[in-house]
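Work through these exercises with the sequence and the model side by side. Try each task before you read its solution.

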Amino acid sequence: MQFLEWLMSFDKKAIILSASAIGAGFAMIAGIGPGIGQGYAAGKGAEAVSYNPKGSKQATMVMLLGAAVAETSGILALVVALIMLFANPLVNLTGSGIVIAASAIGAGLSMIAGIGPGIGQGYAAGKGTEMVGKRPKHQSAIVRTMFLGQAVAQTTGIYALIIALVLMFANPLVRLL
Amino acid sequence: MEEGFGPKVIFDLWGIPVTETVVNTWIIMIILVVISLILTRGLKKVPKGKQNVAEALVESINNLTTQTMGEDKKAFSSYMGSLFLLLLFANLFGLIGLRPPTADINTTFAFAGLTFVMIHFFGARRKGIGKYLKGFLEPFPLLLPLNIMGELATPISLSFRLFGNIVGGIIVVSLLYGGLASLSAALGLANFPIFQAGIPVIFHMYFDLFAGVLQTFIFIMLSMVFISLAMD
């Protein structure tokens, strides 16, 4: 209780800006996912090239493509963090300061969901690379299936992005107070 | 950094503000048109000189399209090739110090929206409207909302992936230049930007060259794969 009173003694904009800083930091925790996923893809790439050096060009290309898609969750989290830092839409919002501040933290926390798609898409990339290394002639069919699977895996990350953007740009909660 | 990292408005055209994004896109259009005119001047049946370059480029784009989408969809290569060249030049603009037009969500969302329209238009045209709409009820009719959300996720992820990569790159590079400038100033060399001469090259190579080319490739490949999957 005392903590809340102390918190409310600050200027409204200061509370919102501090919450934005916390939210931006939380959002980047999403970097865990692509790190693991791309590492798995890189490992599988090295394995594929060692088993079949003649297919190394195709295997490396598929590894790069898959890893770039696995990166998406980290990029979405970076976009949310950059918006909080450089184009903050919440600081001039009219309404209760603590609701807006909590929305900023919530938007940042929401992007942590990017860990999942990062790991999953990286796993798909690794398996795709491994198989293209084994059978380079089937590269286009393997890559198509890999992309399709990765796109489906991305959807929960997109849901998280939408919630974060709604909390930042079309905040429905300040009106309810 | 005072005004943020958004595109600056260059001038007003009949009350509509024209930003850096639009002006840079015009520059790319002019460059691409001039290159096309130069490369296709005086085409001969037996290629010589620059016609070899043009033919190699067109052939590689045709091969990429037929390999990814299938032989019967070769006609898409003209759109995919144009988009590839446009996005490539757009993403590499950071190398010459101009703001890449793809660092604006409007540009990337326009292209992703085009892909979205192509997916559903060609899918419906190839399969017939009834069969195409019924495809959304596969595998269970209860999954219809999830299928729709999955379809909407495609342009969102395409546009934000490209936008985020490019804008992240320009922010890191400009922060780096700012940091190097203040380092020079702290050493008393404020008018001699000596640190800004060599060190940023590596960052440019990663963020502009590598990431720019890779993201262009990803955008094109994903567009091709989604369109061909909708048509099959």
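**Exercise 1: The fold of chain A**

Task: How many helices and strands are there in chain A?

Solution. Chain A has eight helices and zero strands. Helices (H or I, at least four residues) and strands (E, at least two) are DSSP runs, numbered from the N terminus. Along the sequence, the pattern is therefore α-α-α-α-α-α-α-α.

This is a predicted model: local features need pLDDT of at least 70, side-chain atom pairs count only at pLDDT 80 or more, and totals for chains, interfaces and linings use all residues. Residues are numbered from 1 along each chain as its sequence is written, while chains are lettered from A and ligands numbered from 1 in the order in which they are written.

**Exercise 2: Overall dimensions**

Task: What box do the C-alpha atoms of chain A fill?

Solution. Take the principal axes. The box is roughly 65 × 25 × 25 Å. Next, take the radius of gyration. Chain A has 21 Å, whereas a compact globule of 177 residues would have one near 16 Å. The radius is taken over C-alpha atoms, and the globule rule is 2.2 Å times the number of residues to the power 0.38.

**Exercise 3: Two packed helices**

Task: At what angle do helix α2 and helix α6 of chain A pack?

Solution. Two packed helices are described by the angle between their axes and the distance between the axes. For α2 (residues 12-27) and α6 (residues 97-110) of chain A, the angle is about 10° and the axes are 7 Å apart. Axes are lines fitted to C-alpha atoms, for helices over the stretch in contact, and angles run from 0 to 180 degrees between N-to-C directions. So α2(A) is roughly parallel to α6(A) (angles under 35 degrees count as roughly parallel).

Now the residues. Those of α2(A) that meet α6(A) include A:Ile15, A:Ala19 and A:Phe26. On the α6(A) side, A:Ile98, A:Ala101 and A:Leu109 are among them.

**Exercise 4: The nonpolar core**

Task: Which residues touch the most other members of the largest nonpolar core?

Solution. A nonpolar core is a set of buried Ala, Val, Leu, Ile, Met, Phe, Trp, Tyr and Cys residues joined through C-beta atoms within 7 Å. A residue is buried if 20 or more other C-beta atoms lie within 10 Å of its own, with C-beta atoms placed from the backbone. The largest core has 86 residues, and A:Val80 and A:Met111 touch the most other members. Helix α8 (residues 139-169) of chain A gives the most to this core, with twelve residues.

Finally, look at A:Val80. Leaving aside neighbours within four places in sequence, A:Val80 is in contact (C-beta atoms within 7 Å) with A:Ala27, A:Ala107, A:Gly108, A:Met111 and A:Ala164.

Notes
Angles under 35 degrees count as roughly parallel, over 145 as roughly antiparallel, 65 to 115 as roughly perpendicular and the rest as oblique. Two residues are in contact if their C-beta atoms, placed from the backbone, lie within 7 Å. A residue is buried if 20 or more other C-beta atoms lie within 10 Å of its own, exposed if 12 or fewer, and partly exposed in between; C-beta atoms are placed from the backbone.
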